[in-house]
Amino acid sequence: MRLDQFIANSTELSRKEAKRAIGRGEVTINEQICKGANTRLAGDERVALSGTLLSLPGERYLMMNKPAGVVSATTDSDHPTALDLLPADITRHLHIAGRLDADTTGLLLLTTDGQWSHRVTSPRTDCPKTYRVTLNEPLSDAAAQQLERGVDLHNDPRPTRPARVHFLEERIIELTISEGRYHQVKRMMAAVGNHVEALHRVRIGQVELDDALMPGEYRELTAEERDSLA
């Protein structure tokens with residue numbers, strides 16, 4: 001890692017500000033002033049800024065109970081984002097692993113770990129996502145069987161992968177899918193002649209939304225939860 005990148009990642013400084021601090025001689029490596037912003041670090045050096053020893057923060061892994069009306073984005077000029085619900089001091093380098101539509105609620109994962117995020121969201125990993133779906137009308141057995149075989153979506157050349165359907169109430173089902181196409185659940189229900197009234201994600205892989213989290217609240221993943229998606 002370059003020295004300026006290390007400084008930016010381990011402090012509140014931007015990359016440009018880190019370069020300026022290095023140029024002013026405020027950064028030392030192993031107690032020696034270093035003015036080369038592009039100096040490569042092996043990882044075992046003692047790097048200090050104005051005498052304060054620096055270290056990279058550990059990776060963060062969070063779950064949030066996303067409320068309706070909040071977009072799954074890091075920034076948005078028109079709508080509140082998931083990151084707006086978090087304390088400002090923990091949002092640095094966080095991104096969302098598996099987005100939800102603005103009107104969809106439930107389990108949202110946020111992390112600073114890009115490789116972990118890729119494993120959660122990549123179609124190749126076949127990571128199942130389970131949604132509680134409130135429908136306009138009861139789902140027929142025939143429609144459920146269609147979903148479990150895979151359905152053709154409007155303007156999509158490929159049928160969906162087989163889904164799992166679990167009936168909860170007359171108009172409420174749990175639907176488990178292993179893809180993440182645009183508005184997929186809503187389009188799947190439209191394909192079998194139904195309409196989604198409300199959509200709530202309850203599970204990603206083995207990680208279930210914590211029932212203790214109110215809408216907008218979050219917590220760190222446990223090591224077991226984190227590792228189950230690794």
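I looked up the second largest pocket and found a volume of about 370 Å³, taken as the space filled by probe spheres set on grid points joined across faces, edges and corners. A pocket here is an open set of points on a 1 Å grid over the protein atoms alone, where a 1.4 Å probe fits, with protein on both sides within 12 Å along at least five of seven lines; lining residues have an atom within 4 Å of a point.

The model is predicted: local features need pLDDT of at least 70, side-chain atom pairs count only at pLDDT 80 or more, and totals for chains, interfaces and linings use all residues. Residues are numbered from 1 along each chain as its sequence is written, and side-chain values use heavy atoms, with hydrogens and water left out.

I listed 16 lining residues for the second largest pocket, with Asn 9, Pro 57, Gly 58, Arg 92 and His 93 nearest its centre. This pocket lies between domain 1 (3-53) and domain 2 (61-223), because both give residues to its lining; the domain bounds come from an automatic or database assignment.

I then turned to the largest pocket, which holds about 550 Å³. Its lining has 26 residues, and Arg 99, Tyr 131, Glu 179, Gly 180 and Arg 181 are the closest to its centre. Strand 8, helix 5 (184-191) and strand 11 each give two or more residues; helix 5 gives the largest share, three. Helices (H or I, at least four residues) and strands (E, at least two) are DSSP runs, numbered from the N terminus.

Last, I checked strand 11 and found it antiparallel to strand 8 (residues 129-135) over seven bridges; pairing needs at least two bridges by DSSP. Thr 130 stands opposite Arg 203.
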